[in-house]
Amino acid sequence: MNKIEIKPGIYYVGVVDWNLRNFHGYSIHKGTTYNAYLIVDDKIALIDTVKAPFAQELLDRISEIIDPAKIDYLISNHVEMDHSGAIPAVMNAAPNATLVTSDPNGLKGLKAHFGSNFEFEQVKAGDVISLGNRSLTFVATPMLHWPDNMVTYCPEEKILFSNDAFGQHYTSSKHFDDEVDYDKVISDAQGYYANILMPFGAQAKKALSIVEGLDIDIIAPSHGIIWRSHVKDIISLYHRYAGAETEDTALVIFDSMWHSTESMAHSIAEGFDRRGTKVLLLDLKENELSDIITEVLTARYVVVGSPTLNNGILPNVGGLLTYLKGLQPKSKKGFAFGSYGWGGQSVGIVNQALEDLGVEIIMDPVKINYIPSKEQLRELEDKIAAL
Ligand code: FEO
């Protein structure tokens, strides 16, 4: 196995999960990584582990560098099992190790997952563990995105081990931001924030204010590539995301039965285009929900269309609205649209869901009976263009 040293004596020992496509409901395209880091000093620390099925690969990587039995500290930044799943295997291989976790929620979570048969040490923000020449200190980041989350900072090496924060579901045999397709990594970082961290903007802002007080050369997250050449860029992007900053982009998101709602979507898109707004036309049948959410994060306009089906909305639109309800996007403007044969309840349902999300409604719901005429479509386009 290739030893991956991120600084002298500090190693990447994580694994690549090439085949994963569904990350608890978040569709990803090319797998992910579970990053763990080994610091070899007078004392030896392992920062985070990997998903349980990859425990042996983690131990094999560690064994290329040191005997796992020599690990003194296992730092668990986050209880979620993509990072904690191999804790029992590591603790079994390292009988003298202390399991370091956040006080109180890390301890509570780890005990609930793996029992109490470990030597635990609880840490709070600002606590320090000395490894000899280096030390580790901790920053609490609760609700980014679980109550237990913390990040670990090594001041002597200026490395922030940021766990989920600044991560991306990006797979590669390369490990640094200057070795891979940077635009793709940024796009994946946006997708990651949108699908996992979007509801927690206030907590992200607070964490960013602390992180900015640290001198950082490297951000080593627990998913994806390691930031060493673009540290300022990713922090700046997180500021934009946490502040719910939007771009002049409109998402026209819809599902359709017999193309009538689809025709309306096209007219709405043309209208936005005429007023100079960038438009993405997103058919829910053809686009992954997670990819749509990635665009929602930074779009100013979110316009949603459904025809009426069984006095309600199409299931794909229901899925979108349910997902959005959990993610609580901020600073959005939009409206509802759709066709109907009789009843015509769909636009009212979508409009109410958008209002409940806090979307600023910029137009009354638009509904058209059966098949829109050319005149109706032109009128709709003109209306949008004049917004
Ligand atoms: Fe990557 Fe919240 O676990």
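Student: Which element gives the most to the lining of the largest cavity?

Tutor: Keep in mind that this is a predicted model. β15 (159-163), α5 and α6 (201-211) each supply at least two residues of that lining. With four residues, the top contributor to the largest cavity is α6.

Student: What volume does the largest cavity have?

Tutor: A search of the whole structure finds three cavities of 30 Å³ or more. For the largest cavity, the volume is about 100 Å³.

Student: Which residues lie closest to the centre of the largest cavity?

Tutor: The largest cavity is lined by 14 residues. Closest to its centre are Leu144, Ala165, Phe166, Ala207 and Val211.

Student: How many residues of that cavity lining are charged?

Tutor: Divide the lining of the largest cavity by class. Twelve residues are nonpolar and two are polar. The charged count is no residues.

Student: Which element gives the most to the lining of the largest pocket?

Tutor: Elements giving two or more residues to this lining are β5 (26-27), α5 (182-197), α7 (231-242), β17 (247-254), β18 (278-283) and α9. With six residues, the one that gives the most is α5.

Student: How many residues of the largest pocket's lining are charged?

Tutor: Again, sort by class. Seven residues of this lining are nonpolar and nine are polar. The number of charged residues is eight.

Student: How many charged residues does the lining of the second largest pocket have?

Tutor: The second largest pocket holds about 330 Å³ of space and is lined by 16 residues. Nearest its centre lie Met257, Trp258, Thr308, Tyr340 and Gly341. α8 (260-274) and β21 (336-340) each supply at least two lining residues. By class there are eight nonpolar and eight polar, and the charged count is no residues.

Student: Which residues of α9 make the contact with α5?

Tutor: From α5 come Ser187, Gln190, Gly191, Ala194 and Asn195. The residues of this contact divide into two nonpolar, six polar and no charged. On the α9 side, the residues are Ser290, Ile293 and Thr294.

Student: What is the orientation of α9 relative to α10?

Tutor: Helix α9 (residues 289-296) and helix α10 (residues 315-327) have axes that come within 11 Å and cross at roughly 50 degrees. Roughly parallel needs an angle under 35 degrees, and roughly perpendicular needs 65 to 115. So α9 is, relative to α10, oblique.

Student: How many residues in the contact of α9 with α10 are nonpolar?

Tutor: α9 brings Leu289, Ser290, Ile292, Ile293 and Val296. α10 brings Gly319, Leu320, Tyr323, Leu324 and Leu327. Two of the contact residues are polar and none is charged. The nonpolar count is eight.

Terms used:
Residues numbered from 1 in each chain as written. Predicted model: local features only at pLDDT ≥ 70, side-chain atom pairs only at ≥ 80, totals over all residues. Heavy atoms only, no water. Axes fitted to C-alpha atoms, helices over the stretch in contact; angles between N-to-C directions. Parallel < 35°, antiparallel > 145°, perpendicular 65-115°, else oblique. Contact = heavy atoms within 4.5 Å. Nonpolar A, V, L, I, M, F, W, Y, C, P; charged D, E, K, R; others polar. 1 Å grid on protein atoms, 1.4 Å probe; cavity = no way out; pocket = protein on both sides within 12 Å on 5 of 7 lines; lining within 4 Å. Points joined across faces, edges and corners; volume = space filled by probe spheres on them.
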